[in-house]
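Hello,

I am passing the structure over to you here, and my notes on what I found follow below it.

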Amino acid sequence: MLMTRKSIAAGALLAVGLLTTGCSTSSDTPTASATTAAPDTTATSTLTVWVDAERADALAQAATDYEAQTGISVDIVARDNSTLKDDFIQQASSGSGPDVVMGAHDWLGELTTNGVVAPLELGDKATDFLPVALDASTYDGTVYELPYAVENLAMLRNADLVPEPAANFDDMIAKGTAAGVEFPFVVEQGENGNPYHLYPFQTAFGAPVFGRDAAGSYDSTQLTLGDGTGFAEWLATQGSAGANTMSTEITGDIAKEKFTTGQAAFWLTGPWNVKAAVDAGISVAVDAIPSPGSEPAQPFAGVKGFFVNQYSQNKVAANDFLVNYLGTVDVQVALFNSGGVLPALTAAADAVSSDPIIAGFKAAGLDAVPMPAIPAMGRVWEFWGIAEAGILNGAEPDATWAQLTSDVRTAIDGS
Amino acid sequence: MTDLQGAPTRSPGVGALVAKISVLGGLDAIAVFLAAVLVGRGDYTVAALVVVGAIILTVIYLSERLLPAKYIAPGLVFLAIFQVFVIGYTVYIAFTNYSTGHILTQDQAVEALLSQSQSRLPDSPSYPLTVVESGTQLGFLVTAPNGTALLGTEESPLKPVDASFANGQAVAVDGYTSLRFADILGRQDEVSSLAVPLSDSAADGSLRTLDGRTAYEYTSSLSFDSTTGVLTDTTTGESYRDGGEGSFVGEDGTEILPGWQVNVGLDNFARAVSEPSIRGPLVYVTAWTIAFATLSVGIIFALGLLMALLFNDPSMRGRTAYRIVMVLPYAFPAFLGAMVWSGMLSQSFGFINQVVLGGASIPWLTDPTLAKVSVLMVNLWLGFPYMFLVATGALQAIPGEVREAARMDGTSRLQMLRHIELPLLLISMAPILIATFAFNFNNFNVIYLVTGGGPRDTGAGIPVGHTDILISLVYKVAFTGQNRDYGLASAFSILIFIVVAVISVISFRRTKTLEEIN
């Protein structure tokens, strides 16, 4: 009896041993053959492309067409946009990252500081892109991003309430008030402010955040934010202690609700909110941003595009896919048709401008400046909105702005 | 199979044995597969761990003497994967400079720096390219703007050659095989790292290609000497050396990024307590964290117990219906609950101010003190049903005779609660109170979703708010803004762990004295 059990146990061990050896050989063989066979086969490259989940469908068709053209298969992986950048930075160098990642140009500071993106060469195509797109895709004199879409703020107008565009900020408030709605004008703010949405008004008073060096790159040592005292004083007159045209109580959701239900005449927002307004039955017109100051109101431009992983094993294919395929008019128009954001390629942008809403954003974007991507900009964001929210809520504008400038200066110097 | 000593465990059926062998066989097969993959990727330590783990598991389940191990082994495996590894990795990160600009290895950082330093020569032409091969050596056959063909390899600079043309582009040359695009795809690393010198002088730059179809003239502003480890800026002559902290540092102290990950010893812990911009907020954030956790436990326990006592009274009608209503906040997802509360507490548009208080304008979430009260109230709403359930159970477990005996002796209701029910309750509830404290000490959800740590402390050097607790501060340090510092955040996590562990140990010691009442 005991003997039997022992022999069963021995048999079991033997069986396990056989199973494992069998498995190890069968699992080793394909790996080995895959690595040695790869160079000999023709065009078996697979590009892994991480994209924002909302854009995955738009790219699926482009990927299929590219494979038909070159034999390089493109694996589009939809990722959550809120974690895309961090996941890419952490995985890019580990060998499990993608070959290409979709992102926004203002990631460039972080991506290059971490050394995870490779330079691109647009060659003669460079001048085919909208100047603001090319400007945004260039970091420290080198192009890293293949731009495909440009986003900027514009003034949405409820054309049923106000038939004519406003000439300047005061005219807009007057027109909105005359329309008899609860809010002549709404803009997304929130408890911590929202400097992105107030930036056009700030530039109208001649105070961009950073100056530029001789090569045209944003320069963290030239903090021109401090010139914004005029803007701060104007902002105070619009806050809770003044005309109350803007409030930190208006969050993005509240602003959207007021405009889409017809309770607001003007809405300063981006292309991502147009669909909600149109779907709600509002007759939407898109105007340039009316300036409250003596200079044009320049919004920030955000340029969406594609980056190549510095540690990709498929750099040639990745560069070919980006520069020679995604940078062509047909593909950019196709991406526009499923995404609805202004293409970065000039010819493609012109081709889709028959849509008055797109043409409106394009016109409003003529003055747009790329959002600075330098790491120092991160320090500005930390203090900027809080200071503006404070001014809107009645803080003394000159002192608050001076405090903001010195806080940002200290934070940049300390990092 | 039925001898007298034959206990059931010693004579398993054939079916059970077959099942055991196949499950173990499957497990070992997976382990061997994993090990093969890991070895292929060069992760020898992890591969060794997998193999050793599989051997231990197999021995345990085939042995007849290791009965207790059979029961605890699965638990230990999961403990190792989900607790020991995670904690170990956090501790490891706390001793490194893992942060923005320090995520690569040194070799990768050098590769990235050299790649970023490549710049195209201004106003230089683009060259239509054919990649050619002689033996195993790759070369570039390009067409110059004037229509002539040029050929060069890594060693021999670009020289004019007689080539055959197609559509105005040089496509083949004697002695070399032209590669098709599909062939290039198989050798992408070689092609993209190939630099063909423009002339005998390296300073003139070299021809490179990124897409395998067109080549451009580049110069590099950095050069790296791998024997001395010195990085030199070729335009200024400045040299950069490994500064010992995971980056190249110039003679004047300027650091260039990307750098790489290195061990920095206790630096992160030292920074957590010594850097003025962190130290100031750290003190009051720690104080508020302890206050938040203590007050939360106190009010949650008080309300839960009160409700339990009320609904445990037999004279109360419709107790079941009330109990169901009481449990609703617990059944409701906490994330949703916290977010809904955040909306309801908004100053001008929130339900509380607009409807309940008839248009009041109370800054529930934006006043430093009120915001603290608000998060405590939301936490109370989220937490008391659980305490109510536990207290109800504990109350019902108190034997009826004890109460009856007390009543016979003429105790009042209050005396009964004070001297009989509460001590008996605390025996079973003390561990839960400690667990609730530890949970609330790290209650990230409520803070993040209700106030986001706000209102911001405008005086602090780091973006910290008045309701931030330690764990939400760690989150802000590690995962927001453009300068992530995972090493510092891990060091903070360890400090938090030490605080929670010390408080828990002390509390458990004290509950032992409670148990002696029994």
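To start with one spot, in which loop of chain A is Gly365(A) found? It sits in the loop between α14 (356-364) and β15 (369-370) of chain A. Please bear in mind that this is a predicted model.

Gly365(A) has 25 C-beta neighbours inside 10 Å, and 20 or more make a residue buried, so Gly365(A) counts as buried. Leaving aside residues up to four places away in sequence, Gly365(A) touches Val132(A), Val150(A), Asn152(A) and Ala301(A). Asp86(A) is 279 residues from Gly365(A) along the chain, and 29 Å separates their C-alpha atoms.

Next, a sheet in chain A. Four strands form an open sheet with mixed pairing, in the order β9-β12-β8-β13. Leu156(A) has Val286(A) in β13(A) as its bridge partner.

Now to where the two chains meet. On the chain B side, 55 residues are in contact with 57 residues of chain A. Among the elements that give two or more residues to that side of chain B are α1 (14-41), α2 (44-62), α4 (106-116) and β11 (214-220) of chain B. The largest share, ten residues, comes from α1(B). By class, the side of chain B that touches chain A has 24 nonpolar, 24 polar and seven charged residues.

Elsewhere in chain B, helix α13 (residues 400-408) has nine residues, of which zero are buried, so the helix lies largely in the open. Just after α13(B) comes Gly410(B), with a positive phi of about 85°.

Most residues other than glycine have a negative phi, and most peptide bonds are trans. Asn244(A), which is not a glycine, has a positive phi of about 55°. Asn244(A) lies in the loop between α8 (229-238) and α9 of chain A, and is exposed, with 11 other C-beta atoms within 10 Å. In chain B, Asp123(B) has a positive phi near 60°. Its place is the loop between β1 and β2 (126-134) of chain B, and Asp123(B) counts as exposed, with 6 C-beta neighbours inside 10 Å. The peptide bond from Leu257(B) to Pro258(B) is cis, with omega near 5°. Pro258(B) is in the loop between β16 (255-256) and α7 (267-274) of chain B.

Finally, a word on confidence. The model scores ipTM 0.76 and pTM 0.79. Chain B averages a pLDDT of 85, and 96% of the residues score at least 70. Over residues 1-8 of chain B, pLDDT stays under 50, and the model has three contacts beyond four places in sequence for them. Where pLDDT is low, the predicted coordinates should not be read in detail.

Terms used
Residues numbered from 1 in each chain as written. Chains lettered and ligands numbered in written order. Predicted model: local features only at pLDDT ≥ 70, side-chain atom pairs only at ≥ 80, totals over all residues. Contact = placed C-beta atoms within 7 Å. Nonpolar A, V, L, I, M, F, W, Y, C, P; charged D, E, K, R; others polar. Pairing = 2+ DSSP bridges. Buried ≥ 20, exposed ≤ 12 C-beta atoms within 10 Å, placed from the backbone. pLDDT = per-residue confidence, 0-100.
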